[in-house]
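Below is a short briefing on one helix and on the aromatic pairs of a protein chain. Please look at the sequence and structure first.

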Amino acid sequence: MTTIFISGSREISFIPDEVTERVNRIINSGFDIVVGDSERGVDVAIIRYLESCAYENVSVYTVHDRPRVKGILDAWNIRKIVPTATAKTDKAGNVRNRRELETAKDQAMGALADYGLVIWQSTYMNRFGNMSVSKGSLRNMYQLLSARRPVVLYKAPSADFDVTPYTCHELRSLEDLKTLVSTEPSVVARSYAEIEKAALRDGPSLFV
């Protein structure tokens, strides 16, 4: 059975019409869908849409005892992933390496996937007023493509006031992703370089 890994930026709180059409085709084909459990962004938005369709071929991945998103359908599979990394906390007990722990979940979903569907807002303004990169989605695309899993990317408009639709990019290689990144702000290129450096340091993709 074909498995689709759906992921995306935490800054995108809805499923664009262009993506809904694609997801409907996935549903009509009866494909398996794997998705994370973030309570913000694309994860929760796609979970709510699949829930509204009463689609059953869904697995929700989490590193917690139960998914952070509430109201999961009983028919869905819940997969708990135990990260190899140890949680690091500050003096107040807050987890400082949450992104590292959550990456283990993304790697597990990517290992099962035949294709990736990513809804990405490449940059956003953080709470300090600085431009940040939606790095988790970029890392997912890098790892999927390095394992020769094609990615269909729906990219958000470049600014909040931009009314142009999400653009669709069919990525089949790391060269395709690198070409796309070259058209983005320099902070995206720097994040891509960091991901690439880490992949070279750590060896072959965990998705292989």
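Tyr166 has a relative accessible area of 12%, so Tyr166 is buried (buried means under 20% relative accessible area, exposed over 50%, partly exposed in between, with a 1.4 Å probe and protein chains only). The model is predicted: local features need pLDDT of at least 70, side-chain atom pairs count only at pLDDT 80 or more, and totals for chains, interfaces and linings use all residues. Residues are numbered from 1 along each chain as its sequence is written, and side-chain values use heavy atoms, with hydrogens and water left out.

**Aromatic pairs**

- Two aromatic pairs are found in a search of the whole structure (rings of Phe, Tyr and Trp, the last by its six-membered ring, pair if their centres lie within 6.5 Å; planes under 30 degrees apart count as stacked, over 60 as edge-to-face and the rest as tilted).
- Phe14 and Tyr166 form an edge-to-face pair, because their ring centres are 6.3 Å apart and their planes stand at 85°.
- This pair links distant parts of the chain, 152 residues apart: Phe14 is in the loop between strand E1 (3–8) and helix H1 (17–29), and Tyr166 is in the loop between strand E8 (151–155) and strand E9 (167–171). Helices (H or I, at least four residues) and strands (E, at least two) are DSSP runs, numbered from the N terminus.
- Phe14 is partly exposed, at 44% relative accessibility.
- Tyr142 and Tyr192 are also an edge-to-face pair, with 5.7 Å centre to centre and 70° between the planes.
- Because Tyr142 lies in helix H4 and Tyr192 in helix H6, this pair ties together parts 50 residues apart in sequence.
- Tyr142 is buried at 8% relative accessible area, and Tyr192 is buried at 5% relative accessibility.

**Helix H6**

- Helix H6 (residues 186–202) has 17 residues and spans 24 Å from its first C-alpha to its last, close to the 24 Å expected at 1.5 Å a residue (the expected span is 1.5 Å times one less than the number of residues).
- Val187, Val188, Ser191, Tyr192 and Ile195 are the buried residues in H6.
- These buried residues fall within an arc of 140° seen down the axis of H6, so they line one face of the helix (the arc is that of the directions from the helix axis to the C-beta atoms).
- Lys197, Leu200 and Arg201 are exposed on the other side of H6.

**Packing of H5 and H6**

- The axes of H5 and H6 come within 9 Å and cross at roughly 150° (axes are lines fitted to C-alpha atoms, for helices over the stretch in contact, and angles run from 0 to 180 degrees between N-to-C directions).
- H5 and H6 are therefore roughly antiparallel to each other (under 35 degrees counts as roughly parallel, over 145 as roughly antiparallel, 65 to 115 as roughly perpendicular and the rest as oblique).
- Leu174, Leu177, Lys178 and Val181 of H5 make the contact with Val188, Ala189, Tyr192 and Glu196 of H6 (contact means heavy atoms within 4.5 Å).
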